[in-house]
Amino acid sequence: MSTTPKRSNDGIIGTPAAKRPSTNTATSVSDVEWDGLAFGKPFANKFDGVHVGFGFGDERNRLTLQMTRPPDTVRAPFEPKVHTAGGGGGGTDKGSSDPSFVIELNDASYTKMLAFETKVKDTAVAKRDDWFPKGKHAPTARPKTSDDQLRWDFKSSIKEGNADKGWLPTLRIGISKASPPTILLTEMKPNGKMASPRIGTVDDLVVNAAIVPTLRPNGGVWTGALGFGVKWVLETCLVVTNKSATKGAEIDMGGVEFESDEGEEEETCAEA
């Protein structure tokens with residue numbers, strides 16, 4: 001009898017919850033429609049700016065995005081590390097002590113995330129007086145700036161790809177030390193099934209990791225002297241260990257025989 005549920009309440013579709021039980025279920029980025037996104041009332045932050053919560057239908061509805069569905073994975077080309085420089089396609093706060101990393105985006109996910117950022121920028125233009133209050137550090141001229149200039153002030157978490165060099169677009173994701181993500185480990189079996197997930201750590205996010213991540217916004221939209229943006233943080237992550245680090249030349253295994261896993265042989269016999 002299988003112990004792996006079809007859908008998990010902890011975020012990832014197709015894997016069991018490991019900790020932090022929640023009634024929240026991740027929304028697949030391929031299914032999301034940003035027209036229903038609602039923004040709440042701004043509340044002051046410590047940088048003479050504001051935070052603005054958002055969610056579907058009601059800004060109080062928690063938003064969690066799942067970037068792909070098992071058995072498909074996305075690639076994280078670099079391991080997490082601390083980035084001290086803010087802005088510039090990363091969206092990270094200057095001097096942040098939290099590590100971050102990037103995941104590659106396929107064409108569909110790239111289009112969806114660009115549409116999200118366009119929604120945020122358009123809303124900022126419409127609500128500039130509320131989102132950019134005058135303060136000691138906030139530029140008082142921002143509410144009077146042009147619409148195009150205000151959109152330019154948005155600190156994107158997306159970095160464009162380079163087709164000539166074979167680079168896909170990427171999305172930067174933070175890892176909160178205050179609220180660490182749940183990391184699950186699994187392997188893809190030769191029969192196309194996945195092994196039952198087990199608990200891992202952030203250290204399992206190795207270079208070229210093959211993952212199924214879920215993301216949440218860290219406090220919603222932030223605004224301040226440096227502009228405005230949305231910082232995404234990792235909520236839950238399934239790491240497929242035997243699909244990780246697969247970019248590059250394949251190893252020629254011609255003529256090599258592999259010993260079957262005893263558990264798989266027993267399962268095959270039982271099914272027969």
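Is Asn208 buried or exposed? Hi everyone, let's start there. This is a predicted model, so please keep that in mind as we go. Asn208 has a relative accessible area of 16%, and because the cut-off for buried is under 20%, Asn208 counts as buried.

Now look at its backbone. Asn208 has a phi near 65 degrees, which is positive even though the residue is not a glycine. Most residues other than glycine have a negative phi, and most peptide bonds are trans. As for where Asn208 sits, find the loop between β14 (198-199) and β15 (209-224).

What does the side chain of Thr223 have 2.8 Å from one of its polar atoms? That would be the backbone oxygen of Trp131. Leaving out residues up to four places away in sequence, Thr223 touches Asn45, Gly49, Val50, Trp131, Phe132 and Phe228.

Next, the core. The largest nonpolar core has 43 residues, and Ile103 and Ile211 are the ones that touch the most other members.

The peptide bond from Pro70 to Pro71 is cis, with omega near 10 degrees. To find Pro71 on screen, go to the loop between β6 (65-66) and β7 (74-76).

Technical notes:
Residues are numbered from 1 along each chain as its sequence is written. This is a predicted model: local features need pLDDT of at least 70, side-chain atom pairs count only at pLDDT 80 or more; totals for chains, interfaces and linings use all residues. Side-chain values use heavy atoms; hydrogens and water are left out. A nonpolar core is a set of buried Ala, Val, Leu, Ile, Met, Phe, Trp, Tyr and Cys residues joined through side-chain atoms within 4.5 Å. Buried means under 20% relative accessible area, exposed over 50%, partly exposed in between (1.4 Å probe, protein chains only). Helices (H or I, at least four residues) and strands (E, at least two) are DSSP runs, numbered from the N terminus. A polar contact is a pair of N or O atoms within 3.5 Å; within protein, one must be able to donate a hydrogen and the other to accept it, and residues adjacent in sequence count only if both atoms are side-chain atoms. Contact means heavy atoms within 4.5 Å.
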